[in-house]
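Please keep the sequence and the structure in view while reading.

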Amino acid sequence: MKWLAVAIIVVSTSAADLLKSVGMRKHGEVRDFRPTALGRALLAVSQNRFVVAAVLADIISFLAFIGLLSVAELSFAVPATAGIFVLETLCAKILLKENVSWQRWVGVSFIVCGISILSR
């Protein structure tokens, strides 16, 4: 049960962040921070299907995290869900075609090592 919740959290959070990235790239940079301009930007973003899907994925992640906390300690839950960083880095490289430096890959490998220690 614990690892299923972790998997749901990792996948849904990664999907949410990926969708937010795509949605905001389509929307464009927010440059005007006056209240009326922010209101217009918020309205436009709320109509962006990628951002809306990201919010839904975030809700799934939140509910799975609450479920995980009901069966596992926080000291397990937070490090175990660090797999988010691994999946997001892979998605950034493969799907978004981002340049991922070797230093980031080293960091990702440390995260993988930490998660493997937790799984024992």
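The model is predicted, and the values given here are computed from it.

Where is S61 found? S61 is part of helix α3, which spans residues 49-71. Its relative accessible area is 9%, which is under 20%, so S61 counts as buried. Leaving aside residues up to four places away in sequence, S61 touches I9, S12 and T13.

| Residue | Relative accessible area | Class |
|---|---|---|
| S61 | 9% | buried |
| C91 | 17% | buried |
| C113 | 43% | partly exposed |

C91 is buried because its 17% lies under 20%. C113, at 43%, falls between 20% and 50%, so C113 is partly exposed. How many disulfides does a search of the whole structure find? The search finds 0.

**Helices α5 and α6**

Two packed helices are described by the angle between their axes and the distance between the axes. Helix α5 covers residues 83-94 and helix α6 covers residues 102-118. Their axes come within 9 Å and cross at roughly 145°. The crossing of α5 and α6 is left-handed.

Which residues meet in this contact? From α5 they are G83, F85, V86, T89, L90 and K93, and from α6 they are W105, V108, I111, V112 and I115. By type, the residues of this contact divide into 8 nonpolar, 2 polar and 1 charged.

Technical notes: Residues numbered from 1 in each chain as written. Predicted model: local features only at pLDDT ≥ 70, side-chain atom pairs only at ≥ 80, totals over all residues. Heavy atoms only, no water. Helix = DSSP H or I, 4+ residues; strand = E, 2+ residues; numbered from the N terminus. Buried < 20%, exposed > 50% of the residue type's maximum accessible area, 1.4 Å probe, protein only. Contact = heavy atoms within 4.5 Å. Disulfide = S-S within 2.5 Å. Axes fitted to C-alpha atoms, helices over the stretch in contact; angles between N-to-C directions. Left-handed = near helix turned anticlockwise from the far one by under 90°. Nonpolar A, V, L, I, M, F, W, Y, C, P; charged D, E, K, R; others polar.
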